[in-house]
Amino acid sequence: MRTQVVIVGGGPAGLLLSQLLYTAGIDSVVLERRTREYVEARIRAGVLEQVAVDLLEQAGAGARMRREGLSHGGVKLASDGEWFRVDFEALVGKSVMVYGQTELTKDLNDLLAQRDQPIFEAENVDLHDIDGSAPYVTYLKDGRPQRIDCDFIAGCDGYHGVSRKSIPAKTSQVFERVYPFGWLGILADVPPCDQELIYSNHERGFALASMRSMTRSRYYVQVPLGEDLEDWPDERIWDELALRLGPNAAANMTRGPSIEKSIAPLRSFVFEPMRHGRLFLAGDAAHIVPPTGAKGLNLAASDVHYLFEAITDFYRTGAQGGLDAYSHNALARVWKAERFSWWFTNLMHRFPETDAFARKMQLAELDYLRRSKVGAAAMAENYVGLPF
Ligand code: FAD
Ligand code: DHB
């Protein structure tokens with residue numbers, strides 16, 4: 001088989017890239033290791049920047065998001081239960097969209113299914129001749145070996161994928177920070193405790209009140225690494241949330257049985273460069289941010305934007321310039337989101353080394369954000385997403 005672009009990984013990055021290429025008349029094949037059901041059930045991101053929303057619209061995948069997504073014009077920041085609002089619309093004239101990654105993935109999969117994509121349960125995906133001008137990809141489908149020849153390979157297979165590992169270590173560099181805690185998330189079919197998200201810095205650790213809709217809530221609490229889910233029955237999570245989010249939120253918090261519960265570790269990670277020969281990395285395959293600030297999925301969308309522009313430019317004009325500049329352009333935005341996520345994580349969490357002085361520094365910075373329009377505007381500008 002032959003196609004123009006083989007896309008490894010059918011997460012948000014791979015699906016969105018394939019759909020955008022399709023709208024531009026460029027053929028692609030998406031190889032996804034898991035089943036459609038598995039991919040769509042993975043509870044992850046929930047907040048989209050305006051530029052990500054625009055890209056989904058451009059791909060023709062925005063109809064349900066426009067109907068069902070919730071536009072948020074600000075967030076609340078709390079310390080020890082007392083909160084203030086950062087008003088994105090007043091400060092920077094933009095908002096974000098609350099729309100689950102599960103829903104976005106379903107919408108894109110519905111579109112791709114019309115052309116029998118992705119190929120699910122593609123096993124043992126292997127990349128070949130990425131240094132040359134005729135790369136190809138092999139895999140197993142139903143136990144039978146397959147081969148696809150192509151012009152380009154897009155590595156959209158997430159942090160644990162095969163694409164990044166196909167790049168020789170001697171031509172690349174890794175930048176990394178591992179945080180000494182994780183986020184315990186709970187999803188429940190109860191109304192959210194507030195109209196907007198609440199990020200709370202509390203003595204006992206960070207907590208976040210988020211949502212998927214006005215009838216489905218998503219909450220997180222910071223927990224030490226190595227914590228066992230068994231030790232966190234629902235009631236204990238709700239009690240901890242009530243303490244950390246404070247009396248106002250607690251009074252409005254509806255408790256209910258969890259429909260999903262998981263612990264995610266926190267990590268900052270960047271792999272440079274994001275291109276090797278005919279292989280281009282996008283999304284979590286190339287970088288990870290700690291979830292504070294909701295940048296992971298948005299960065300995946302932003303990489304896809306740069307890669308899509310570069311590939312379409314190549315097929316339209318034969319120009320290589322966009323492809324050559326891809327890694328540099330994508331990384332410039334990646335590093336700014338890495339910085340924001342690192343900063344926001346440091347501001348809101350309790351670290352093992354957070355002594356009385358360090359905590360006073362966090363509280364002083366939160367009070368500064370509360371009182372300074374300039375300080376709050378910088379936070380707002382980054383949260384809603386920097387321009388491409
Ligand atoms: P992935 O979603 O990881 O997709 C990669 C795909 O490749 C997967 O489907 C995988 O099965 C497939 N794959 C892997 N290896 C292979 C292989 N060898 N062959 C074929 N296929 C393969 N981001 C935000 O922007 N906002 C948020 O609010 C937010 N909240 C989050 C909350 C949590 C708890 C977590 C864990 C993450 C959150 N994120 C958030 C991050 C966001 O979910 C990720 O950044 C996003 O999923 C990245 O998309 P991707 O397509 O690059 O990678
Ligand atoms: C969600 C996750 C985040 O990391 C974040 O900053 C905001 C919301 C969420 O899953 O709803």
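Residues are numbered from 1 along each chain as its sequence is written, and chains are lettered from A and ligands numbered from 1 in the order in which they are written. In this predicted model local features need pLDDT of at least 70, side-chain atom pairs count only at pLDDT 80 or more, and totals for chains, interfaces and linings use all residues, while side-chain values use heavy atoms, with hydrogens and water left out.

**View 1. The residues around ligand 1.** Ligand 1 has 32 residues around it, where a residue is near a molecule or strand if one of its heavy atoms lies within 4 Å of it. Glu32, Arg42, Gln101, Asp284 and Leu297 come nearest. By class, this shell has 14 nonpolar, 10 polar and 8 charged residues; Ala, Val, Leu, Ile, Met, Phe, Trp, Tyr, Cys and Pro count as nonpolar, Asp, Glu, Lys and Arg as charged, and the others, Gly among them, as polar. Helix 1 and helix 9 each supply at least two residues, and helix 9 gives the most, with 4 residues. Helices (H or I, at least four residues) and strands (E, at least two) are DSSP runs numbered from the N terminus.

View 2. An N or O atom in the side chain of Glu32 is 2.7 Å from an oxygen atom of ligand 1. The backbone also takes part: an N or O atom of the Ala13 backbone lies 2.9 Å from a ligand oxygen, and a polar backbone atom of Gly46 is 3.1 Å from an oxygen atom of ligand 1. On its own ligand 1 has 1000 Å² of accessible area, of which the protein covers 90%. Accessible areas come from the Shrake-Rupley method with a 1.4 Å probe; for residues, only the protein chains shown count as cover.

**View 3. The site of ligand 2.** Of the 14 residues that surround ligand 2, the closest are Tyr199, Ser210, Arg212, Tyr220 and Pro291. The side chain of Ser210 has an N or O atom 2.6 Å from an oxygen atom of ligand 2. From the backbone, an N or O atom of Pro291 lies 2.6 Å from a ligand oxygen, and a polar atom of Gly293 is 3.2 Å from an oxygen atom of ligand 2. Taken alone, ligand 2 exposes 290 Å², and the protein buries 96% of that. Strand 14 (207-213) and strand 15 (216-224) are the elements that give two or more residues to the shell. Strand 14 gives the most, with 3 residues. The shell comprises 8 nonpolar, 3 polar and 3 charged residues.

View 4. The structure holds 3 cavities of 30 Å³ or more. On a 1 Å grid over the protein atoms alone, a cavity is a set of points where a 1.4 Å probe fits but cannot get out, and lining residues have an atom within 4 Å of a point. Grid points are joined across faces, edges and corners, and a volume is the space filled by probe spheres set on the points. About 70 Å³ lies in the largest cavity. Its lining is Glu49, Lys295, Arg333, Lys336, Ala337, Phe340, Asn382, Gly385 and Leu386, divided into 3 nonpolar, 2 polar and 4 charged residues. Helix 10 (residues 321-348) provides the largest share, 4 residues.

**View 5. The second largest cavity.** This cavity holds about 60 Å³ of space. Residues lining the second largest cavity include Pro12, Leu16, Leu48, Leu104 and Ala300. Two or more lining residues come from each of helix 1 (12-23), helix 3 (50-58), helix 6 (101-113) and helix 9 (296-317). The lining has 11 nonpolar residues, no polar and no charged.

View 6. Strand 5 (residues 74-79) pairs with strand 13 (residues 198-201) in the parallel sense over 4 bridges, and Lys76 stands opposite Ile198 in strand 13. Strand 5 and strand 6 run antiparallel, joined by 6 bridges, with Leu77 opposite Phe84 in strand 6. These two strands form a hairpin with 2 residues between them, and Asp80 in the turn has a positive phi of about 45°.

Definitions and conventions:
On a 1 Å grid over the protein atoms alone, a cavity is a set of points where a 1.4 Å probe fits but cannot get out, and a pocket is an open set with protein on both sides within 12 Å along at least five of seven lines; lining residues have an atom within 4 Å of a point. A polar contact is a pair of N or O atoms within 3.5 Å; within protein, one must be able to donate a hydrogen and the other to accept it, and residues adjacent in sequence count only if both atoms are side-chain atoms. Two strands pair if DSSP finds at least two bridges between them.
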